[in-house]
Structure formats: C-alpha cells, structure tokens
Amino acid sequence: MAVMNIKNCYCAFCKTKRRVSQKKHINLRDVFYCFVLSILLMFLIWQDFNPRVAVLFALIVGMCGYFAQLRWRLQMACPQCGFDPIIYLREPKKAVRMVKEHLGRWENSPKKWFLPNPNKNLYHRKPSELSAEEKQLRPVNAKSPEVDKILLSEPDNLASP
Ligand SMILES: [Zn+2]
C-alpha cells in the first residue's frame with residue numbers, strides 16, 4: 001500500500017543479516033488511501049452518499065493501524081534463531097529461554113537437514129570479526145548505547161541467564 005521503509009540490519013543474537021520493515025504505524029498517506037477505499041465501498045454498498053461512510057472509514061483506519069502494528073511486531077523475532085529483541089528488553093530471561101527452545105526445536109526436528117541451521121553464525125562470529133559493512137548495520141530495534149553494548153556482546157554471554 002505505502003512505502004515499506006525496509007531497513008537492512010542483523011539479528012543481535014545470531015548475526016544473521018535481515019531486512020525488516022520499520023513501519024510501525026500508518027501515516028497520512030495510508031489514511032488517505034483508507035478514505036478513498038471507504039468512499040468506493042460507500043458507492044458500492046449504498047449506491048449514493050451515505051453518512052454511515054464515517055463509521056466505515058473509522059473501521060478501515062482502525063484495521064489498517066492494527067495490521068500495520070501486527071506485521072511490525074511479528075517480524076521482530078529472528079526466524080533463524082528465535083531471538084526477539086522486544087521481549088529481550090522487557091524480560092531478558094524469557095528471551096534467552098525462547099532462543100534455547102528454538103534452537104532445541106531445530107536440533108530435535110526430523111526436518112533438521114532441510115531447514116537453515118540457526119547455529120550457522122553463532123559462536124564463531126564475534127563483533128570484532130564482523131566485516132566493515134556488517135559493522136555499519138545496526139541491531140534490530142536497539143535504541144540506546146547501553147542496549148547496543150548488551151546486544152553486541154558475545155552470544156555466549158547472552159545465552160547464560
Ligand atoms: Zn537470529
């Protein structure tokens with residue numbers, strides 16, 4: 001619908017290169033699209049101008065906002081290792097548990113050999129070993145230098161609760 005605002009970054013835990021959309025909320029352009037859509041739907045449903053279009057418009061805007069936020073939230077967790085930076089900022093131990101569960105699930109899966117290995121970048125990729133280009137990329141959703149320090153620490157330090 002609108003410009004996605006895709007950003008290159010890497011997973012703060014397994015260092016897998018990722019592309020995430022930074023669009024968390026709908027903007028004025030999306031609201032305009034919702035308005036046009038509700039006008040079109042109004043003529044489709046009632047074949048004339050109808051004041052109920054205001055309710056329809058509010059419903060469509062609400063749904064768009066909800067799905068924009070839902071999409072943003074669902075893509076935050078790394079599909080490779082299961083690390084969720086948002087849960088990590090609130091409950092680090094829960095995030096560690098989730099990563100361990102994700103890695104365990106991969107380890108015990110009979111389809112293991114057909115799935116990407118989540119351990120691929122773990123344990124042998126230290127921040128000092130990252131390429132200049134990778135150093136330019138920021139960890140997902142890191143906001144403060146303090147958080148950066150935690151997220152850029154060694155994966156081993158992160159995994160021990
Ligand atoms: Zn990851």
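How many bridges join strand β1 to strand β2? Five bridges join β1 (residues 6-10) to β2 (residues 17-21), and the two strands run antiparallel; strands pair if DSSP finds at least two bridges between them. Within this pairing, S21 of β2 is the bridge partner of I6. The two strands form a hairpin with six residues between them, and K15 in the turn has a positive phi of about 65°.

The model is predicted: local features need pLDDT of at least 70, side-chain atom pairs count only at pLDDT 80 or more, and totals for chains, interfaces and linings use all residues. Residues are numbered from 1 along each chain as its sequence is written.

The protein chain has seven helices and three strands, in the order β-β-α-α-α-α-α-β-α-α along the sequence. Here helices (H or I, at least four residues) and strands (E, at least two) are DSSP runs, numbered from the N terminus.

The axes of α1 (residues 28-46) and α2 (residues 53-74) come within 9 Å and cross at roughly 135°. Axes are lines fitted to C-alpha atoms, for helices over the stretch in contact, and angles run from 0 to 180 degrees between N-to-C directions. The two helices are therefore oblique to each other, given that angles under 35 degrees count as roughly parallel, over 145 as roughly antiparallel, 65 to 115 as roughly perpendicular and the rest as oblique.

On the α1 side, the contact is made by D30, V31, C34, F35, L37, S38, I39, L41 and M42; on the α2 side, by V53, L56, F57, I60, V61 and C64. Residues are in contact if their C-beta atoms, placed from the backbone, lie within 7 Å. The contact residues divide into 13 nonpolar, one polar and one charged. Ala, Val, Leu, Ile, Met, Phe, Trp, Tyr, Cys and Pro count as nonpolar, Asp, Glu, Lys and Arg as charged, and the others, Gly among them, as polar.

L56 is in α2 and touches S38, L41 and M42, leaving aside residues up to four places away in sequence. The C-alpha atoms of L56 and M42 are separated by 8.1 Å. L56 counts as partly exposed because it has 18 C-beta neighbours inside 10 Å; a residue is buried if 20 or more other C-beta atoms lie within 10 Å of its own, exposed if 12 or fewer, and partly exposed in between, with C-beta atoms placed from the backbone.

N50 lies in the loop between α1 and α2. With 13 such neighbours inside 10 Å, N50 counts as partly exposed. Of the 161 residues of the protein chain, 15% count as buried.

Methods. Two residues are in contact if their C-beta atoms, placed from the backbone, lie within 7 Å.
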